[in-house]
Amino acid sequence: MSFAPLKLPDYHEQSPEVAARFRRIRERPVVLRVRDLYKMFGTNGTAHVAFEKMSLDVHRREFICIIGPSGCGKSTFIRIVAGLEDATGGEILIDGHPVSGPGPDRGMVFQGYTLFPWRTVKYNVMFGLEMRGKDSSTADAEARQWLDMVGLGKFEHAYPHELSGGMKQRVAIARALANEPRILLMDEPFGALDALTRCKMQSYLLQIWKKVEVTVLFITHDLDEACYLADRIVVMGANPGRVLEVIENPIPRPRRADQLLSPEFLALKHRLDELIHGPADAEEEKLPVIKLTEAGDEVE
Amino acid sequence: MGLRDWLGLRHELPHRRRLVLTILSFALPLALWSIVSYVPWIWHPLIRVTDPGSVDYFMTGMEVDRTVFARELADAKKDNHAPPQGYRVNPIYFQPPHAVARAFYTAFVTPPRLPTEPWLHESLGHSIRTIFWGFVISSVFGVPLGILCGTYRFFARLQEPFIEFFRYLPAPAFGALCVAILGIEDAPKIAIIFIGTFFQQVLVIANTVRKVDPALIEAAQTLGARGHRLLTRVVIPAAITDIYTDMRILLGWAWTYLIVAEVVGTMSGITYFINQQARYRHFDNVYAAIAMIGIIGLTCDMLFAWLGTVLFPWKRRARKSARAAKPKAAAGAPESAAETESSREATDSSSMPAARLVGETPDSITSEA
């Protein structure tokens, strides 16, 4: 049986609705502006480039995914935006103002849930509100609101260890959103979840994003995840870390899981795959062949 | 029921078997002790003379070595003199279980020989008081300093090299110095417990605080926490349960230093009692007093363990209100976690409109987003 490759459309082709949507996004004000940001590791001349100069404008309510192989500096990039690491050069502007160091205007959701184990779910969500000096009754009411938003109102008195991974990550999202950040940074937030829960969490996230109208910068190494969630996809390459291409996602919104089989989706995924893994795997040929001895085989 | 059920590598035992083994862990040493105490041919190296017979230096009630007795017996028989009689006993310093058990009671109700001597409960009270003050004073300085060293490189660099050096100095070596400075009463004893505890305490707690997950601190920073609030609201709560465990272990060490401390200056407390009783050759009381220290230590520790579950509710694994807790539900058992999650929400959704909005019903994947 011969394998006939699908005829995929050009991933640059956008339907009029999608093109109009991107025009509208471009007209919105820029929330996060990254200018010539770069990062080097190491000292004494043996510098290793984490990622080369990188610029990015994220518009209000835009959903950006950064995708790339491990070692491309995508996590370092988002940690620098969050203020958890220092850049070697370049600047980060939030609403036009330069920022340095971590702050509540850039909420972050980490891969390892990072909930405070000594606080119940509600008090976890209240943490940021307390830090901003809100009085406890206001903070309490707001925390409940956010928990209802992520569907965990019933679990306000539970401790994190009593929740499943997906629920923990929803609490972490509620906790970050409760601070009403200008941008929500997500560093492979669903990476530790199993495939089924990850699927659910992705559609949750889209629902929340739609209701809250927050700007999202999302790191992933999962092609499907990037295609399903993003408006624009920033594809990074490794050695040295750099931006290979910024792709406008041609899949119309609202997104549904069955779009994962549409020609646009496959075209986009094919392009991402090409960028990240290269056109062909020539390396495979060079690997040595080792055969397992089977029962009955004569070993020489 | 094969051996494999009992000896599976890292294999959790059912509750009843655990209980059986717990009882055995005490019963086996006790059985060994009883055998040596009550079965005459196991050890019993001495003969207690009941009738000296013709041996002129034997007296009734005297205890002599078995070989000596055998020789005298043989000599007497050879010369047709009256043979000495006696029975085998253990040395007086080896007391049988029943005597020690009785001493647990009698040691408390027997008045001291001299009116100036303390009762057993007074001796114990004295010891507990000494250890309490030594440990409290050490903790008042040691815990905060440990937390500072674990949090700020500045304090760690400033304090820890000296403390590392100082903790190698054995606390009892300071005995003479403590007496010279603080007199012969309780103060030098408390000082020795302090010296023995404090330096370990700072290092152990600093290490515990250093082990706080840096991701928690980063998460707090992105939520707007900074400065001293990172310390009070994140680092300390994150480390507090492990600090508490450290303190329980350190308290055990303090008991070791107590016995050394109590011989400094005027001997006091339980050590004095043990020494006095040994001098009177009341070895049953000596055993009872030593066992008492173990019992007090174990009881204290169990009490603190229980108190820990009251103070730190998030460390309780199974809560009545929640479902059977899955310790590492997230990464460890994703299937069962997801299952319980959705079944839980299925029951909740009727009373919770918000859950319907983003509910994890099977068709939510295809819903509009």
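Which residue stands opposite Asp51(B) in β3(B)? I found Gln85(B) in that place.

Before going on, I noted that this is a predicted model, where local features need pLDDT of at least 70, side-chain atom pairs count only at pLDDT 80 or more, and totals for chains, interfaces and linings use all residues. Residues are numbered from 1 along each chain as its sequence is written, while chains are lettered from A and ligands numbered from 1 in the order in which they are written.

**Entry: strands of chain B.** I followed β1 (residues 46-51) of chain B to its partners. It runs antiparallel to β3 (residues 85-89) of chain B, and five bridges join the two. With β2 (residues 63-65) of chain B, β1(B) pairs over three bridges, again in the antiparallel sense. There I looked up Arg48(B), and its bridge partner in β2(B) is Glu63(B). For my own record, two strands pair if DSSP finds at least two bridges between them. Strands (E, at least two residues) and helices (H or I, at least four) are DSSP runs, numbered from the N terminus.

**Entry: a helix of chain B.** Helix α3(B) covers residues 66-78, which is 13 residues. From its first C-alpha to its last I read 18 Å, close to the 18 Å expected at 1.5 Å a residue; the expected span is 1.5 Å times one less than the number of residues. After α3(B) comes Asn80(B), with a positive phi near 60 degrees.

**Entry: chain B overall.** I listed 15 helices and three strands. Of its 369 residues, 28% count as buried, meaning that 20 or more other C-beta atoms, placed from the backbone, lie within 10 Å of the residue's own. The chain is divided into domain 1 (46-89) and domain 2 (106-315), with bounds from an automatic or database domain assignment. Taken over C-alpha atoms, the centres of these two domains are 53 Å apart.

**Entry: the sheet in chain A.** How many strands form the open sheet of chain A? I counted six, in the order β6-β7-β8-β3-β9-β10, with mixed pairing. β6 (106-109) and β10 (242-248) of chain A stand at the edges with a single partner strand each, so one side of each has no neighbour in the sheet. On average, neighbouring strands here are turned by 20 degrees against each other, direction ignored; the axes are lines fitted to C-alpha atoms. β6(A) runs parallel to β7(A) (residues 183-187), joined by four bridges. Opposite Gly107(A) I found Leu184(A) in β7(A).

Methods:
Axes fitted to C-alpha atoms, helices over the stretch in contact; angles between N-to-C directions. Buried ≥ 20, exposed ≤ 12 C-beta atoms within 10 Å, placed from the backbone.
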